[in-house]
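Me: I am new to this structure and would like to learn how to read it. Please take the features one at a time.

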Amino acid sequence: MKRIVFALAVVVLGCLVVACAARPNFTGEQMRRMQSSSNYADGKFRNPTGLSADVVVSYPSMIFNYLFGEGERFPRTPPVVEPLNPLAMAEGSSLKVAWLGHSTVLLNVEGVTVLTDPVFSKRVSPFSFAGPSRFHDRLAIEPDRLPSIDVVVISHDHYDHLDRAAIETLHPRVGCFYVPLGVGAYLAEWGVPKNKIVELDWWEEAQHPSGLTLACTPSHHFSGRGIFGRNTTLWCSWSILGKEERVYFSGDSGYSSHFREIGEKYGPFDLTLMESGAYSEYWPYAHMQPEQSVQAHLDVGGKVMLPIHWGTFNLALHDWDEPIRRVMDRARQTDVPVLATVSGRVVELSPGRFETAETSAPELRMEIR
């Protein structure tokens, strides 16, 4: 027990050390835009419901279960990872998608290459020696081997969604970064030219030169990379809108009426990238239960659902593969087609291919060994 207490003390001390450095330096223009946002009050951003998503119901119980709870939080053998074939993303004429783990997804939407929340580091933590580590050492592709990316969208500033090493590696080959209010301050500090950064508030839209529209849409979450500076940058989901193809990226979110509102304004969506893991009864407003994720997919008018935010890092107390099992069970009940693909595989969503949750297509089966 003394060793456990000591380890916890070291973590807390380390967080305090990095807390100040984790706060971005906003420009005057950024502060003006944030302060004028209807989602901003008293120096912080708020959720559409007014509820704080970073509330933990019971810290003592949570810590006890984290230290002594049962369950298979780590896979006995690493999940399947296939090497990504970048050329496959450019073949064909339909929407293409490759899940690269957690919330990192590579898309080809009407010929435009889009990458969501690029995270390639071994750990999602302010430390290189501690913090949640990947279940597998092998990536589907190293970030420096990715082809040129037209668009990168980032949902919020948490370490498992905003990876400094990935940004520094990728930005010379990225056309434009689309981020919620305030997050651009991190990118600028990490060397991204300001003319490549577009910051948006909820319900604002930006037009990419290709004709693709990027709409910053609400989510129910929180932000911050340290103990201090909580909720000083915005969090969001993204609606990626082409002339014919539409993709919804949920970012992180608790379940709320905003999904229905997004569906009414921008749906239906050919594909939804829907957060489905890292949930707990201890933080009910920050992440969805898997059944809620399926409902959120229905709310936005999704056709095919790709579950994300699971199977890569241990960020909660549930079994590592529980999210996908529960998503698939609920999807069968509601007849939702689910793309339960392995990391790295390129899948083309040709019209009419995905009709029901029950299918023999290999990319729709759980492939965990």
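Reply: The chain has 8 helices and 15 strands; helices (H or I, at least four residues) and strands (E, at least two) are DSSP runs, numbered from the N terminus. This is a predicted model, in which local features need pLDDT of at least 70 and side-chain atom pairs count only at pLDDT 80 or more, while totals for chains, interfaces and linings use all residues. Residues are numbered from 1 along each chain as its sequence is written, and side-chain values use heavy atoms, with hydrogens and water left out.

Me: What share of the residues of the chain counts as buried?

Reply: Buried means under 20% relative accessible area, exposed over 50%, and partly exposed in between (1.4 Å probe, protein chains only). Here 56% of the 369 residues are buried.

Me: In which sense do S4 and S5 pair?

Reply: Strand S4 (residues 105–109) pairs with strand S5 (residues 112–116) in the antiparallel sense, over 5 bridges. The bridge partner of Leu106 in S5 is Leu115.

Me: What is the strand order in the sheet of 6 strands?

Reply: That open sheet has the order S9-S10-S11-S12-S13-S14, again with mixed pairing. Strand S9 (205–207) and S14 are the edge strands, each with a single partner, so one side of each is left without a neighbour in the sheet. Its neighbouring strands are turned by 15 degrees against each other on average, direction ignored. Inside this sheet, strand S12 (residues 246–249) runs parallel to S13, joined by 3 bridges. Val247 has Leu271 in S13 as its bridge partner, and Tyr248 stands opposite Thr272 in S13. In S13, 6 of the 7 residues are buried.

Me: Which elements cover the buried residues of H7?

Reply: Contact means heavy atoms within 4.5 Å. The cover of H7 includes helix H6 (258–266), strand S13 (269–275), S14 and H8. The buried residues in H7 are Pro290, Ser293, Val294, Ala296, His297 and Asp299. After H7 comes Gly301, with a positive phi near 80 degrees.

Me: How many disulfides does a search of the whole structure find?

Reply: A disulfide is a pair of cysteine sulfur atoms within 2.5 Å. The search finds 0. The sulfur of Cys216 has its closest cysteine sulfur in Cys236, at 3.8 Å, too far for a bond. Cys216 is buried, at 0% relative accessibility, and Cys176 is buried too, with a relative accessible area of 10%.

Notes. Two strands pair if DSSP finds at least two bridges between them. Axes are lines fitted to C-alpha atoms, for helices over the stretch in contact, and angles run from 0 to 180 degrees between N-to-C directions.
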